[in-house]
Each structure stands twice: as structure tokens, then as C-alpha cells.
2 protein chains.
Amino acid sequence: MIVGKSVKRVDAVDKITGRAKYTDDLCDKGALIAKIYHSTIGNGLVKSIDTSEAEKIKGVVKVVTCFDLKEKHYFPTAGHPWSTDPHHQDVADRLVLTDRIRFYGDDIAAVIAEDEVAASQAIRAIKVEYEEYPVVLDPIEAMKDGAPQLHEKYPNNILAHTTNIKGNYAEAIKEEGLKTIEGWYETPTVQHCHIENFICYCYEEAGRLHVVSSTQIPHIVRRIVGQALGIDWGKVRLVKPYIGGGFGNKQDALYEPLCAYLCTQVGGRLVKLDISREETFACNRVRHAMKFHIISHLRPDGSIAARKVEVFSNQGGYASHGHGIAAKAMNSIPQLYPCDNVECDAYTVFTNRTVAGAMRGYGMPQVTFAIEGHTDDICKEMGISPLQFRRKYLMPLGYVDGFSKNELYHDSFNQCMDKAMKYIDYDRKIKEYANQTGDIRRGIGMSVFWYNTAVWPISLESSSCRMVLNQDGSVQVQLGETEIGQGADTAYAQMTADVLGIPFEMVHTVSTQDTDLTPFGTGAYASRQTYTAGFAIKQTALQMKERILKYAYELTRMPIFNLDIIDGNIVRTTDGRVLMTLGELATEALYSLQHSEHITSEGTYQIKSNAYSFGCCFAEVEVDIPLCKVQLVDIINVHDCGTLINPALAEAQVHGGMSMGIGFGLTETLLYDEKTAKPLNDNLLDYKLSTFMDHPHLEAQFVENPEPTSAFGTKALGEPPACPVASAIRNAVLQATGVSINIAPLRPHVLFERFKEEGLI
Amino acid sequence: MIVGKSVKRVDAVDKITGRAKYTDDLCDKGALIAKIYHSTIGNGLVKSIDTSEAEKIKGVVKVVTCFDLKEKHYFPTAGHPWSTDPHHQDVADRLVLTDRIRFYGDDIAAVIAEDEVAASQAIRAIKVEYEEYPVVLDPIEAMKDGAPQLHEKYPNNILAHTTNIKGNYAEAIKEEGLKTIEGWYETPTVQHCHIENFICYCYEEAGRLHVVSSTQIPHIVRRIVGQALGIDWGKVRLVKPYIGGGFGNKQDALYEPLCAYLCTQVGGRLVKLDISREETFACNRVRHAMKFHIISHLRPDGSIAARKVEVFSNQGGYASHGHGIAAKAMNSIPQLYPCDNVECDAYTVFTNRTVAGAMRGYGMPQVTFAIEGHTDDICKEMGISPLQFRRKYLMPLGYVDGFSKNELYHDSFNQCMDKAMKYIDYDRKIKEYANQTGDIRRGIGMSVFWYNTAVWPISLESSSCRMVLNQDGSVQVQLGETEIGQGADTAYAQMTADVLGIPFEMVHTVSTQDTDLTPFGTGAYASRQTYTAGFAIKQTALQMKERILKYAYELTRMPIFNLDIIDGNIVRTTDGRVLMTLGELATEALYSLQHSEHITSEGTYQIKSNAYSFGCCFAEVEVDIPLCKVQLVDIINVHDCGTLINPALAEAQVHGGMSMGIGFGLTETLLYDEKTAKPLNDNLLDYKLSTFMDHPHLEAQFVENPEPTSAFGTKALGEPPACPVASAIRNAVLQATGVSINIAPLRPHVLFERFKEEGLI
């Protein structure tokens, strides 16, 4: 069995040596270069565009503006599977170029030139006349009457408002002896900051548009390009090479539609669109900034009699992934801490900030900051140990969610917390750090979370897989689910090897997705890949094995049920004799003059299940009160993501997520000018991205409870590690200082205000 | 029905606009450049190689010589399907670099450099010491005792000698009243002269060698690269983009093995090997020059009582496609003109000429020049009309070949000859041109031929196909059979459209073969493609249709047998109502929350049949006797290649083949220095390639007798057009002048000698 072993990544050598090909490596050096003219206001209208100077610049092939669009094909950008039900489709509110500006950096015009220099010069030479409107940056402000309106269809800028009501809140709060604890919690706009910025190129061949793109979701982007250009989806081919990270930003159709459109404007010539870091901050996607208002009504024993939650999610200028994120955040609370009387409201609201989309955790880092902060606020108020409160009131063993049918099959929360406690020496330190005085204080904080695996039943979950047998018995595996740096290709090879009974080295995962050839799969998101693809891999490998053994029967006349494939050999199970190698069989099958057959296997597996992933984070901090600085001293994440396919890769996933969570908790926030909505720190110097230089040792541990709904016992791990970190840090600061900091990240600016309020400075 | 229509080629626009990508277009411009050091002697040994000066040149990365090979992996180069029977495998007599030189230009060493200039300089700086042996250029000379020996394993240089004996020749010739007619016929060494010279590049990724090559046979070359490097075949990936012609030269593994080997010598870096025209002439493959000795014993009515044939085929230095070509030539005679008493011998003999391999016609242009020339010699001698002789003694209707089981199902020969006669006004002109005198004379000549379709039962015939349904109902088709300029992709799209019931525009043929992904198919050769691939296409499309209709049943609850796909719609056949478009069905199938399925289809069809193709050529010439010049005045080819898939493409095929036949008959011959075996006219200035400037109008007509063994009624057309042309011209010269010219091409040099002998000048 290779599943469960920390084998080396299949792409390790290529990525380390620089041999692995990314989009830009593959693009012909003679490509035309496109650059985008972005709006320099945050809200308004384009009145006119003067391109005359730009067109004079040598090397400029074409300048295209929002006024050149002959037909307006509105399209959605969210990387969700298509729904044939119009009511479940994503909001189609984008045009490849627009005259109605909804955020600072909106796409007004583009230049196509022979080279970068000419394109950049031409962009600078374009002159735009605007009709400028006031901007609004905060969702609660944006909901007010009289606020600037972004989309006609959405009064008060409310993209969506949903509720989750259980029991009778109004009645329940009348219970005697309840203590009411209320808090507001606020999370920042942050960007994914993948190393490789978005890049794509497009050319026409055989009357079709061929797009090569740095995306997580090639099959979805194919569809969106078709929508954006108003052409049949089969007229678009999308190819995804290796990509340098995505984290959800590339789970949107970012600029493939524009690039494809520009290609059509120059007769199908090859056009490349390479996005800068500044554009990535301002014009890609960001994590939804959210505000949470939580009111809990507690009985003296700490049990929650009733709870009210309001979520205000900052959507930015366009719908993108929209309300799903706020809804997920909202709905997570009553599952994490079940309560008989709950009233939750979630609002997703347009503002003139950068468009918010998918980002690792999809609402859960935000809500976890709020609810786990709130939980520790409760504990402090009620005088209950944070750990004991959770042991008592968290989702209990056997809990089943009515909607997803997810179940807590094992005592995962306690098992995770036990491991974390032990690592961080919780009991000793929680006592040691109680009642500190002085300028430098230490604290221990914790946070838990649950996470879905994949998107069923909200949306489609299916995975298709194809396997191709080579002459030497090695096998190619093709899947629509994508390698985006997380190691998916390696996990797929491990799964395939085990089901087929061949050595790991004999599996070649086809890393590149090509929508013309790759079996349909929607891509990398929702921590779905090993779970979802696992079904298709198992089904396809079993079918492949059956075909192989059928052929082995033809060659050996041994009954199929006495045959197996073990370590790349056809073995008679009755006596263990190796009858032939799989390579010998494959060669005979291909070249047989009696019965020639290229043994391949392909199929779709529709997944109608979902699975809870669980985990916790324990963090230890040192707070310098006069300096208002938080130093992270030690941190551990413990995850129950079911069976580990590759422990080393799982650990790497957790490290990455923890790093992202640390940035979210301590340093990262995209700031905007209040007047213009211009992003102020749209670069990696001013935006304080959390890197390994900023971390202590990151400890990652696992509880392996095999998930019964899963083909390989595995479940979500991609996003979970980012979820509990910021709240654990926040709670550690609370323990250290007694001050609840409810605005993430916990920057000195925020601490200064709160420490002043609380009289610490 | 789109089959039978002259639809525009699917690659027409891309090829005309230069948008279509060939190997060099795809290669990264940063590739290392490899160049080969070729021997400057025609026979001998390399004693030493001094690379010291070459290595000093700036930009040289590595110089590799024949002495650097750590292991000697001998490999075959012929593009035949692998045989698991060692006795039917091609001769493995090549090394990527050799110290035993067998032709002028043999591969001794190679340079890998940063750029072309450095590589070329380094090649010039290499110093080689040889032990030189005498050369032999003629097969009959090479068979003599004492001739230079090329391969130890093959005494007297005979690669193979086979016979075809029927009846009792020795007895039969004793019959009274027989007239004996004997002739020697000789055909030249010619080269394919495809526009795109051979080119390939190789790089290592994921521990495997990725080779992109201008080849006709990607799946075969994958295997050969594996053999040449002594690695598992699955460790090699072969990709074939568009190629600029092949004509059989690229049905050999030309330099992919060397390029792949060189790649391994620089740590897997990208290495490109781009072959010049001079190298193409000297170091690729050529058509086997052949000598035929035919003795016919005829009764007074012209019937053939007995016949003896000897074929001597010039193999050049290595085995390549070897004896199959001479054997095919030899065996064609008793089928074309059945005779009860036949004794045939065919010898394939190594010489120090350029290695002979596959070339359009595979022995048939040679033997047709001989047997059809001989036939007209008989007619002249016996005073029988060439046309009447053929009507009487050609393979009769209903003839079945015992080996291939091919059958002459229709009166194809007569139908073809009737059409050609009519076009060229044969009866009138044959009379008009009889008994001419004067310096300028005209003549009419004719020639017939038959041709196989594909290689069964000599070798494996199988084709695998995969189809992928897109959301809009369009379909990708993948096949191992390759587009090499002939229009195969278009024919495949037509076939697919008709079987599936969708418009032609909705079929996207995947032109690029990628051995990792493309269903196994052996490639373009033996005029097999439309015939062979047709089976796989039909089977796969029918299976696809069944799956689609099954899904249509789920959606409509209409019984499958009342459903059909017509013009891209799901139609209820009982009342003709369109229930939905295929696009609607495909979209629902992909995204259905009830039953999601990516509808694809894949399978292998093993073909255990073969088919006779037939045709004739009639040519009219004007001979300037004092100048010894032949001017082609008019020419027609008529072919029965079964049902035409695309008449315009079929016509283009015939035009190309006729042009090749004209060159073979009149101008083309690769000349060698008798002492050194150096090719003397290894460029397109001195080698008189036949081009459209040299032709009159080329008339192509067809007789469409559907082939009953064929999935679409089609059979061989790729190679046949080249077969009968030279002999028709030769016979026209005979009619014009009364002089039989038995050496092709009919250059002034040859005519001068013969006209002198015959007293015309």
C-alpha cells in the first residue's frame, strides 16, 4: 500500500529544477501583449475615452474600449459548476470591459501591442473622462438608504440576505437567569498572494479559441469564456498547465474572458495577458471582509439558551462567489455550537472595494474569528475554562446536519484538542499565564472549527477519470481535478497504484488539464479534490483492473476470480504464482494478432455525499503591551481529515494554511482610501504578507478517523488549516491581557485603541 | 450525409494563414541545439575522434561520440507495429551513434550547443580518423562473393531472399509455340522531399522523456525510442503536431532516438535536432532502387504460359523497412497478371547507398514500371493492343488472393480504363500516333496497378478511437492515425458527423497525437488511414450514440428505439419531433444533480481484412528525338478507391501522387559517387524534383465501387496515385518512338543511349 506513505511528489524534481512548465513558459515569445486600462475612480461612469495618442504609439496593434463591445454578454465569474436551473446560477454581472465603474481598477479598455513597452506606453496615453460618484466601502453603510448604489437590480446594495432560524429566539430569551453576551467581530479584506500572478493567453485555431490559463478550474472557465463571448462552449478549449498557487483567487474566471475577447479583436492572433501584482490586489479577488454581530443568552452552566447572529459580508463591486460565503459562515455557527433557539441573518452587500471571491476557507476563517472569539468572551464572562466549554457544548458525537447529512462519526473534536493540549502543555500554561502583570505577558488561546468536504448538496459533485495502459504496464491517469501546488497529482498516483496493484512509479498523472481531452471535472476548490477524485479513481481503476484480468484470462485461461494484480504482476491468487508481468500482458494486448485491444478505462462518478472535517488550533503569544505588539511564540494545528493519503503532503498543506491564518490574524489587511476607494497597499512591500520569516515552528498533527463516506477514508484538508488560526491567536491575546480584540488582524493600531480603552496604556 | 461531400479541410484556414503549429513552432526558443557529425566516407570504421577543439568553442555544452555509448541498444527504425513474435520483428541494426560506417553520412558523433552557430562550428572542428573500406552501390554487385560486406549477419549482403512459386515453371516453358520475352527494368533511388524536413525535440519531465517530432507514427516511435535507449516504453511520451509531409520517410524513426539520447546526456535539458535538406537526402530514407528481370513465355493468343521474375532491391546501409518492399513488388506480379506457372525471386541487398525505407507506394511504383513496361514490350512484340491485352489478361472479376483474401468485387480495371480512354481520346490517338516519323513524335501510354489497403494479414491492423461530448453537443475525436497533410482529420470529422448524426462543424478532430493520451493507433502508412480508422470511428460513434440515446431516454422516457440523433437534435422517429438539441442533452448530462455523466466513448477495433484498390494512368507525351527529351502533354489517373469520403481531398491526393510519379518517371534520381558513395545531388537545385511547374493539367477521376469489407466503403488512395505514372509515361514513349526505355527516370542521358542503340539518332 502506497496510500498513507510520504512518497516524494511526482513533480518535485521538475519544480525544484525549474523544469516544470507554467503558463508563461509555454507561451510563444512572439505573442501579442495585452494590457488593461483600469479605472482611476472607484465608482462612476466612463463618459469618453480618447485612444488617439495610444494608437499612434509604434507597436500598438489595437486599442479596444468598453464602447467597442458590439454585444453585451454579461457573465458570472464564480468557479462553480454550472446549474441548469436558472435560479441556482451565479450572478452574471460582468462584461469584459465596462463603462460603469464599480471599484477602483475596473476594466475600461485594453491595448494589444507587439511588446510590453508599447502596450504600457499606450495604456499611459489613453485619456478617460469620467462621471464620478461617491464611494462606499463598508457593507453596513452601503445598506443604508441614500448610499451610493452599485447595481440597479440590488436595492440597498444587498446582493442577498438569507436567514437560518431554529426554535423561537424571542421567546427563548425570556428564560429566567440568562446572561446576555454580545459582541461585534470584524475581519479584513485580504488577498491570496499566490506566487504566480494570474496569466493567460489565447489564440484561434481550427475556428476555435484556445485559452491557456493559470486557473484552478479549467472546465468551468471554458464555460465562462463561452458565456462571455456569446459562443458555444465547445468552441472554447481551455488548457491548464502547472500553476503557482491559487488559494481560491484562481477559482474565478479572472481575465480569460477578456483575453479571449481581445484575441478575437486581432483576428485570432496569439494574445497574452499577464497580470501584475498591483492588478492582482486591486482587480482580482479578495477574501470577503465580514462583520459579525453575535448575541448569546447563556444559562448559568454555560449552555446556550438562545443566540442571534448577524453577518455583513463585503462583496466589493461585483457578485463573483457572492452570498455562498456569508451563508456558509452564518450556517456554521449553529452546527458548531448547537442551540435550540437561533436566529441568524446574513447579508452580502456590494461596496466599492475590490471584488471578493473564493479564498481558502470560504467564510470559515472569518466566522471562526468571530464565533471562537465570542466563545472565549463567553468563557471569560462566565468564568468557564475555554477548553471545558468546548468539550461540553461543541457539536456532540453522532451529530448529523440535516442539510448536508454530514455526521460527526468519531470523537474528533476531543481527540484533536487532546493532541494540541499535550503538545502545547496547555493545562500548565493556562495556569501559569493567569493573572499576569507587567509589560510583557504571555497567553494561550485555542479555537476549533469544522469544514465541509466538497459542495454537495448545494451544488454538483462529480468527477470523471480516464486511465490508459502503456506497453510496459505503466498507466496514465487523467482527471479534471487540478494540481495547483497542493500535491494532488501525487495523491492521485498513490490512489491509482493501490487500486490497480502496481508500483507508484508506474502511474503517470497527467497534470495538464485540457478541456478537449480531459474527462470532465470541475477543478480545485471546496477542499474537494482527494475526496471527490478518489471516487472516480477507484471506480476507473477497478474497471481497468477488471479489463486487465479479463485479458489475463484470455492469455492464461485461469478464472478471473483466481487472478489479481500485485506489484505490477498478474498473480494467481490460489498459489501466489506470478503468471506474467502487467507489461507483458499490456504488450500482448496491444499487438496481439488474435485480439488487439488498447486497454483504457473511463467513467464518471457522481458524489452525493459530503463529509465534516474537524480540527483545532492552539497558539501561544507574547504581548508587548506598550508596543501593542503580538509575538506568536508557538502554534499547533491538529486536523481530523480522515485517512491521510500522503502525510508529508498533508503536513505541508497544514503549514501553508497556518501561515495564511497567521497573516489573517496578525498583519494582513488591504487598505482603501475612503474617498476614492483606491487600494493603498497594493504591493508586497506595504501589504504585510505573512511568510515563514514571521513564524515560529509550525506544528501540524493529525487524528486519522477514516471517513466512512469516502473512497479512501479521506476528507477536506486543503482549506481547514487556515480557519482556526486567527481566532486562536486572538484568544491567546485575550488570555495574556484580558482584552478582547475583535478586529482582525491584531495590528498595533487596533491593540493601541483597545489597550487605551481598557486602561492598559 | 457529409461523407462524400467536398467540405473544406478542417485545417485549411490555419495552414493557409500560417497559424498551424509545426514542431519547430512549438519548440521553446531556448532549446539546446544538436547537430550530427556525419561520416565523410561510405564504408569503414571510425578509429578515433578528436573533439578537443570542438569542446573549446563557446556555447558548446557537450560533444558526444560513438565511443561514449555505455550500452549498445540496437534498434530497428521501420514504422511497423511491434510484433511479439521475435521472428516477425524488424531488424534491429542501428545505434544512435556508430563507429561502423555503412553509408556516406552515417552518424558518428553529435554536438549539443547553446545555439546553431556554436553547434555548426563545433561540428566543423571535430576530427575523425577512419579505416576506409571500398564501397558497393549496386545490389547485384553487392551479392557477389568478394564484395564489401556491410553486416556480419548477412553473407553476401543479402538481407532477405524470398520466393513465390506456383505451378511448375521449368515444365511449363516446354509447351510448344511459346514466345519468350525477356527484359531488365531499373528504377532509381529517389527521396520523398517533403517540404518540412525532419525535426524533433526532447526534454525530460517527471522522470520521463518527452519527444515532440515530425513523424507519421507517434505510437511506433515511442516504442522505438524506448528500445534505442533501453528504457521502458512507458517512460517515453511522443507528441506529433502538424507535419509538413512525410510520404513514408517519416514512417521511420529517423532521429528521435538520437535526440532523446542526447537529451539524457545533458541532464534532461531541452534538445532540438533540426535536419537540413542535405541531411534529408543523405541520412534519412530513400525509395528502394530496384532491378527487375522478367521472362515471360507467351502463347500466340498472348496468354502467359509461364513467367519468371527476379527482383533485386537496393537496401542501402541499414535494414529499415527492408525486404517487405521487394516482396510486395514481387508478389504483385502474379496477382496483376495471374499465371499458372510462376517462379519469382526477390532479394533485398545491403549497399553503401542511403538507407532505403518506406516511400509512397512501397515497391509498387518500381514493380509497376517493370511489369507494365514489360507488358507493353509483350504487346509490341506480339502485335496486341496494350489495352486489349490488359482487358484480357488482367486479374479477372471475382479474383481472390489466397493470402490477403482481397477480392476484385467489381469490374474496376475496365471501368477505370474506360474513363481514362474517354478522357484522353485513346482510340483515336493510338491510331493517329502509330507509325510516326520525324524528330518530334507523340505517343499514348497506359499502365494499371492494384494496391493493398493497410497491412493485414502481414501485420497488426487495429485502430482505437475516443470521442468526448462537449456541453454544446460538439464532439472531439481522437485517433492514433495521423494527419500528415493528406486531410485525414477532415475525413475523420466527416465520418464521425454522419455516424453520430451531427453537423460536420460540430466535430473537432484532435489533430495532435500524444502517446500519453491518444488511443493507440499505429499511424499513417500503407494507405490505411481512412479504411482502418473508419472501423474505430464507426464503432466508437455508434457506442457514443447509444450512450446519448440512453441518456435521452432518461430525460424523455421515450424508448431508445424510437429515438435518433439527426442534425444535432434528439429526434423522436415516430413523428419526427425534435425533443431537444444534443447540446441541451449534453449540458443536462454533465450538470444533472440526479445523474451527472460526462459522455465519452472509447474502444479498439481490430481489423482482420484488407482491400484491393485499383487504378490506371494514361499519359500522352511528345518526344524530341534529337534532344532526347520527353514532354508530358496530358495525363489522367483513374482510381477505384471505393467510396470517396471527400472528393476534393481525394483529387488532391491523386494530384500529389501523380506529381511524384512524374518525377519518378522523368527527372528524379539521387546520384552517388562510385568511389566514395557520396550523394552528388543532395539538394533541391541539383535533384530535379517534379513540381507543378513541370506538369501539364493533372486529371484525376474516380470509379466509386463501395468496398464491402470497409466501414465506409472506402479503401486505399494515399499511395496508389504514385504507382502507375512512370510506366504510363514510359509506355507512351515506347508508342511514340518504338523504343523501350527500361531505366527510370527517362532522362535525356538514358534516351540518348537507347536512341543511339536503336538508330534513331
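**Figure 1. Pairing of strand 21 and strand 22 in chain B.** In this predicted model, strand 21 and strand 22 of chain B are joined by four bridges and run in the antiparallel sense. Ile566(B) has Asn569(B) of strand 22 of chain B opposite it. The sheet to which these strands belong is open and has three strands, in the order 21-22-23 (chain B), with antiparallel pairing. Strand 21 and strand 23 of chain B each have a single partner strand and stand at the edges, so one side of each lacks a neighbour in the sheet. On average, neighbouring strands of this sheet are turned by 35 degrees against each other, direction ignored.

Figure 2. Helix 17 of chain B lies across strand 21, strand 22 and strand 23 of chain B. Its direction makes an angle of about 45 degrees with strand 23 of chain B. Nine of the ten residues of helix 17 of chain B are buried, so the helix is largely enclosed by the rest of the structure. Among these buried residues are Leu582(B), Leu585(B), Ala586(B), Glu588(B), Ala589(B) and Tyr591(B). Their cover includes strand 17, helix 16 (529-556), strand 21 (563-566), strand 22 (569-572) and strand 23 (577-581) of chain B.

**Figure 3. Crossing of helix 16 and helix 17 in chain A.** The axes of helix 16 (residues 529-556) and helix 17 (residues 582-591) of chain A come within 10 Å and cross at roughly 80 degrees. The two helices of chain A are therefore roughly perpendicular to each other. Helix 16 of chain A brings Ile548(A), Tyr551(A), Ala552(A) and Leu555(A) to the contact, where they meet Leu582(A), Leu585(A), Glu588(A) and Ala589(A) of helix 17 of chain A. By type, the residues of this contact are seven nonpolar, no polar and one charged.

**Figure 4. The side of chain B that touches chain A.** In chain B, 46 residues are in contact with 46 residues of chain A. The elements of chain B that give two or more residues to this side are helix 1 (12-17), strand 17 (462-469), strand 18 (475-479), helix 17 (582-591) and strand 24 (600-606). The residues of this side divide into 15 nonpolar, 18 polar and 13 charged.

**Figure 5. Chain A as the setting for the close-ups.** Chain A has 20 helices and 27 strands. Its C-alpha trace spans about 90 × 75 × 45 Å along the principal axes. The radius of gyration of chain A is 27 Å, in agreement with the value near 27 Å for a compact globule of 761 residues. Of the 761 residues in chain A, 61% are buried.

Conventions: Residues are numbered from 1 along each chain as its sequence is written. Chains are lettered from A and ligands numbered from 1 in the order in which they are written. This is a predicted model: local features need pLDDT of at least 70, side-chain atom pairs count only at pLDDT 80 or more; totals for chains, interfaces and linings use all residues. Two residues are in contact if their C-beta atoms, placed from the backbone, lie within 7 Å. Ala, Val, Leu, Ile, Met, Phe, Trp, Tyr, Cys and Pro count as nonpolar, Asp, Glu, Lys and Arg as charged, and the others, Gly among them, as polar. The radius of gyration is taken over C-alpha atoms; the globule rule is 2.2 Å times the number of residues to the power 0.38. A residue is buried if 20 or more other C-beta atoms lie within 10 Å of its own, exposed if 12 or fewer, and partly exposed in between; C-beta atoms are placed from the backbone. Axes are lines fitted to C-alpha atoms, for helices over the stretch in contact, and angles run from 0 to 180 degrees between N-to-C directions. Angles under 35 degrees count as roughly parallel, over 145 as roughly antiparallel, 65 to 115 as roughly perpendicular and the rest as oblique. Two strands pair if DSSP finds at least two bridges between them.
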